[in-house]
Amino acid sequence: MLEVNNLNVSVNGRKLLDDLDLTVRDGEVAALMGPNGSGKSTLSHVIAGRKDYTVETGDILLNGESLLNLEPDVRAAKGLFLAFQYPIEIPGVATLTFLKAALNAQRKRRGQEELSTPDFMKRVKTSAGKLKISQDMLRRALNVGFSGGEKKRMDILQMALLEPSFAILDETDSGLDIDALRIVAEGVNALRAPGRGFLVITHYQRLLDYVVPDTVHVMAQGRIVRSGGKELAVELEKNGYSDYNAEPAVA
Amino acid sequence: MAAVQETVDRVKAIDVSEYKYGFSFDIESDKAPKGLNEETVRFISAKKNEPAWLTEWRLGAYRRWLTMLEPRWARVDYPKIDYQNIYYYSAPKTAAGPKSLDEVDPELLKVYAKLGIPLREQEALAGISPERRIAVDAVFDSVSVVTTFKEELAKAGVIFCPISEAVHSHPDLVQKYLGSVVPTTDNYYATLNSAVFSDGSFVYVPPGVRCPMELSTYFRINEQNTGQFERTLIIAGKGSYVSYLEGCTAPKRDENQLHAAVVELIALDDAEIKYSTVQNWYPGDADGKGGIYNFVTKRGDCRGTNSKISWTQVETGSAITWKYPSCILRGDNSRGEFYSIAISNGRQQVDSGTKMIHLGKNTTSRVISKGISAGRSQNTYRGLISAHRKATGARNFTNCDSLLIGNSSGAHTVPYIESKTPTAQFEHEATTSKISEDQLFYCMQRGLSGEEATALIVNGFVRDVLQQLPMEFAVEAQKLIAISLEGSVG
């Protein structure tokens with residue numbers, strides 16, 4: 001379960017998140033929608049532990065434990081996963097090398113044994129097949145020369161391998177054609193489980209046709225301004241964000 | 001994969017900014033009086049019982065040196081060196097001409113044991129398949145203390161011995177080739193080396209012979225205030241092949257120590273020499289106190305047609321590095337290669353690169369240089385690619401990448417390209433990048449710590465070059481990279 005309580009965040013004195021409250025329960029898929037600049041990506045980065053932000057007040061709890069003073073890698077080992085809006089390229093590092101290093105780093109931190117190469121390969125092959133990721137792609141340097149769709153699928157593959165207890169998808173649908181969107185959505189749906197929560201950040205309802213949310217939250221000016229069921233997404237698609245588009249507050 | 005994990009484990013196992021080889025031993029030594037004059041040169045020559053021609057050769061170099069000025073064009077900055085405050089010769093007292101390991105001072109053996117270098121052949125053999133064996137020449141301060149596997153190499157006709165010994169056992173070869181690639185007049189440090197060089201390795205591979213094992217020299221500076229001036233000469237006869245590895249370490253000392261070596265390689269028709277260096281001299285402390293001045297001249301001469309010389313270097317140590325391993329591509333169709341990883345951290349200054357001199361027809365060369373600067377270090381690539389007017393069809397490809405870590409380090413690229421023939425094709429690619437916050441955050445979000453992420457990204461950056469190293473060295477180099485980047489993640 002993810003709980004964000006009364007969170008206030010700024011960068012260089014500019015307020016980006018303003019008394020934000022949000023709870024996503026185990027097994028729940030929550031959609032987070034809102035206009036550009038409303039603070040959706042900021043929220044995802046702050047939860048994952050990016051250092052560029054100043055958390056002024058409030059707390060972020062994962063399964064009851066505060067994340068605020070933890071490094072990003074420690075948060076990851078505690079079960080937090082963030083699928084990036086723009087997955088990053090790591091030249092010269094084979095995708096398989098990266099996947100294994102990441103998985104074993106997390107396992108080690110949790111006091112689990114490292115996976116042997118055969119066990120690791122078995123897991124990768126199973127998940128990669130479902131996401132239509134070829135062996136060739138796994139051997140290439142991570143995300144280097146990958147198309148936008150390939151990068152997004154690679155992030156979902158990482159999510160499948162790392163088996164997080166809470167996953168944030170930051171505009172995973174942006175830049176995807178309809179076939180790629182379907183593959184990614186199927187990948188996400190396959191990971192839905194009673195013990196795993198999702199926060200799906202998106203501009204459009206399109207993704208939510210495939211990954212059907214339990215709840216929808218609308219964000220504007222750094223706070224949640226409306227919450228409802230999946231019908232709220234349909235309404236937003238029809239009316240747009242014009243009702244929410246006032247200038248963000250300046251601290 | 002395993003190697004990356006090993007790197008990461010190694011990073012964790014080591015204390016912050018601990019130079020592993022910083023120990024020194026008290027070993028009684030036999031020194032020349034401090035300072036440099038004709039008497040010092042004669043003293044060294046006499047110690048080695050050298051023939052008259054070599055004494056004269058040294059003295060000629062010394063007189064020339066007196067007329068020369070220290071080069072100042074490199075992007076490095078250091079206080080004036082007092083050449084009269086250096087010992088030019090230091091030999092462990094007990095090591096005068098050991099015939100076998102049993103005669104070597106046990107204290108000396110301890111030093112090499114601590115460095116992890118096997119000098120006993122039976123130890124070197126344990127658990128290693130024959131084709132992976134390495135013959136070692138160990139040079140301690142100014143003298144070679146032991147050379148392993150000499151007999152086995154002799155069966156193949158390969159000569160591998162200290163150069164001081166080769167002067168006596170193979171005088172014709174030494175006289176013919178010494179100074180034929182790097183003349184005594186070449187440059188300030190090479191000329192100084194010619195006057196006072198103490199020891200180093202000599203290799204001769206006869207025509208048609210593929211050297212049955214890797215050859216390796218480990219250099220160790222132990223004495224205080226002592227310069228090391230070793231001289232290496234490698235000759236590959238027609239159609240032969242040899243792979244040679246060089247490693248170096250020094251104790252932690254507060255003062256700077258001078259290391260001015262000369263390496264000459266000669267490849268005759270169809271011969272190939274592969275020369276790899278893992279340079280790990282003491283780099284000084286975080287504030288730039290102490291460390292080795294590494295002013296080295298390395299040059300290979302592709303004298304024969306279809307010959308090939310390949311330099312691979314992993315440079316992590318030294319306070320200052322001034323080093324440009326080069327190839328003279330004299331023979332038609334000859335090929336030169338230079339693969340380099342230069343890592344600087346703390347206050348280190350690196351000015352390194354290569355020269356590819358195309359003289360013969362259809363000669364080709366390839367330069368892959370990866371510079372990584374962290375801390376407050378400065379890292380310069382300086383390279384010359386030139387084609388003589390007769391070097392028709394010459395080709396070069398240069399790729400020169402720099403990676404910056406943090407906000408206080410510098411990377412510089414200074415390429416010189418000179419072509420006197422319209423048929424030459426020279427390509428130069430260069431990039432400068434930074435390990436971005438985005439990359440670090442992405443890796444950390446997936447579970448890697450900051451140091452694990454940096455090691456992974458850097459290993460990816462240098463992968464093209466690591467692949468050129470013999471396997472044992474590649475593993476060692478990967479560990480070194482992680483260690484030398486210790487504390488670079490802020």
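Colleague: In which sense do strand 7 and strand 8 of chain A pair?

Modeller: This is a predicted model. Strand 7 covers residues 166-170 of chain A and strand 8 covers residues 197-201 of chain A. A:Ile168 has A:Leu199 of strand 8 of chain A as its bridge partner. Over five bridges, the sense of the pairing is parallel.

Colleague: Which strands stand at the edges of the open sheet of six strands in chain A?

Modeller: The order in this sheet of chain A is 6-7-8-3-9-10, and the pairing is mixed. From one strand to the next, the twist averages 20°. An edge strand pairs on one side only, and in chain A this holds for strand 6 and strand 10 (223-228).

Colleague: Why is one side of strand 2 and of strand 5 of chain A left without a neighbour in the sheet?

Modeller: Chain A also has an open sheet of four strands, in the order 2-1-4-5, with antiparallel pairing. Strand 2 (14-24) and strand 5 (65-66) of chain A lack a neighbour on one side because they stand at the edges, each with a single partner strand.

Colleague: How many bridges join strand 1 and strand 2 of chain A?

Modeller: Strand 1 of chain A covers residues 2-11 and pairs with strand 2 of chain A in the antiparallel sense. A:Leu2 stands opposite A:Val24 of strand 2 of chain A. The number of bridges in this pairing of chain A is seven.

Colleague: At what angle does helix 1 of chain A run to strand 2 of chain A?

Modeller: Helix 1 of chain A is made of residues 40-48. This helix of chain A lies across strand 1, strand 2 and strand 4 (54-62) of chain A. To strand 2 of chain A, the angle is about 75°.

Colleague: What radius of gyration does chain A have, and why does it agree with a compact globule?

Modeller: Chain A has nine helices and 10 strands, and its C-alpha trace spans about 55 × 40 × 35 Å along the principal axes. For 251 residues, a compact globule would have a radius of gyration near 18 Å, so chain A agrees with its own value of 18 Å.

Colleague: Which element of chain A gives the largest share of the side that touches chain B?

Modeller: The contact joins 22 residues of chain A and 19 residues of chain B. Helix 2 (72-77) and helix 3 (95-109) of chain A each give two or more residues to this side. By class, the side of chain A has 14 nonpolar, four polar and four charged residues. The largest share, six residues, comes from helix 3 of chain A.

Colleague: What is the hand of the crossing of helix 3 and helix 9 of chain B?

Modeller: The axes of helix 3 (residues 52-66) and helix 9 (residues 188-196) of chain B come within 7 Å and cross at roughly 145°. Among the residues that make the contact are B:Trp65 of helix 3 of chain B and B:Leu192 of helix 9 of chain B. The residues of this contact in chain B are five nonpolar, two polar and two charged. The crossing of helix 3 and helix 9 of chain B is left-handed.

Colleague: Where in chain A is confidence highest?

Modeller: The average pLDDT of chain A is 91, and 97% of the residues score at least 70. Confidence in chain A is lowest in helix 9 (residues 231-239), with a mean of 85. The highest value, 97, belongs to strand 6 (residues 80-83) of chain A.

Colleague: Over which residues of chain B is the pLDDT below 50, or under 50?

Modeller: Chain B averages a pLDDT of 83, with 79% of the residues scoring at least 70. Where pLDDT is low, predicted coordinates should not be read in detail. In chain B, such stretches include residues 6-17 and residues 122-131.

Note on methods:
Residues numbered from 1 in each chain as written. Chains lettered and ligands numbered in written order. Predicted model: local features only at pLDDT ≥ 70, side-chain atom pairs only at ≥ 80, totals over all residues. Contact = placed C-beta atoms within 7 Å. Nonpolar A, V, L, I, M, F, W, Y, C, P; charged D, E, K, R; others polar. Axes fitted to C-alpha atoms, helices over the stretch in contact; angles between N-to-C directions. Left-handed = near helix turned anticlockwise from the far one by under 90°. Pairing = 2+ DSSP bridges. pLDDT = per-residue confidence, 0-100. Rg over C-alpha atoms; globule rule 2.2 N^0.38 Å.
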